[in-house]
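Q: Hi! Could you walk me through this one while I have it open? I'd like to start with the fold and then look at the charged side chains.

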Amino acid sequence: TCLKEPGFYSIIMVNEDLGPGEKLRSVRETNGLALADVSEITKITVTALKGIEDEDFSVCQAESIRVLL
């Protein structure tokens with residue numbers, strides 16, 4: 001995947017009524033990024049990112065525990 005240089009992504013105004021996961025998904029999609037792209041940039045697993053976007057934070061907790069072990 002061809003990624004832009006860090007810091008050169010579009011920041012958009014998102015609907016304040018959206019939850020945090022929906023806001024993140026909206027920004028990611030506006031920038032044309034797949035979850036795998038964001039994972040590569042942030043070093044957060046795709047599973048955790050999907051959990052955040054789906055607002056299923058139990059997935060993030062499980063991922064954190066795995067990293068600590």
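**Fold and charges**

A: Happy to! Starting at the N terminus, the elements of the chain run α-α-α-α. Keep in mind that this is a predicted model.

Q: How many helices and strands does the secondary structure come to?

A: The chain has 4 helices and 0 strands.

Q: And what share of the residues is buried?

A: Of the 69 residues in the chain, 23% count as buried. The accessible surface comes to about 5,100 Å², and carbon and sulfur atoms account for 60% of that.

Q: Okay, on to charges. How many salt bridges are there?

A: The count comes to 5 salt bridges. A network of salt bridges links Arg25, Arg28, Glu29, Lys50, Glu53 and Asp54.

Q: Which partners does Glu53 have?

A: Arg25 is one of them, with the closest N and O atoms 3.2 Å apart. That pair links distant parts of the chain, since Glu53 sits in helix H3 (residues 46-53) and Arg25 in helix H1 (residues 20-30), 28 residues apart. Glu53 also forms a salt bridge with Arg28, where the closest N and O atoms are 2.6 Å apart. Glu53 is in helix H3 and Arg28 in helix H1, so this pair ties together parts that are 25 residues apart in sequence.

Q: Are those side chains buried or exposed?

A: Glu53 is buried, at 7% relative accessible area. Arg28 is buried too, with 13%. Arg25 counts as partly exposed because its relative accessibility is 23%, and the cut-off for buried is under 20%.

Q: Where does Glu29 come in?

A: Glu29 forms a salt bridge with Arg28, and the closest N and O atoms there are 3.9 Å apart. That counts because the limit is 4 Å. Glu29 is partly exposed, with a relative accessible area of 49%.

Q: New topic: what's going on with Asp37?

A: Asp37 lies in helix H2 (residues 35-42). Asp37 is buried yet has no salt bridge. Arg28 is the nearest side chain of opposite charge, and Arg28 is 7.2 Å away.

Q: Which other residues are buried in H2, and what do they pack against?

A: Along with Asp37, the buried residues in H2 are Leu35, Val38 and Ser39. The buried residues of H2 pack against H1 and H3.

Q: What follows H2?

A: Lys43 does, and its phi is positive, near 65°.

Key:
Residues are numbered from 1 along each chain as its sequence is written. This is a predicted model: local features need pLDDT of at least 70, side-chain atom pairs count only at pLDDT 80 or more; totals for chains, interfaces and linings use all residues. Side-chain values use heavy atoms; hydrogens and water are left out. Helices (H or I, at least four residues) and strands (E, at least two) are DSSP runs, numbered from the N terminus. Buried means under 20% relative accessible area, exposed over 50%, partly exposed in between (1.4 Å probe, protein chains only). Accessible areas come from the Shrake-Rupley method with a 1.4 Å probe; for residues, only the protein chains shown count as cover. Lys and Arg count as positive and Asp and Glu as negative; His and the chain ends are not counted. Contact means heavy atoms within 4.5 Å.
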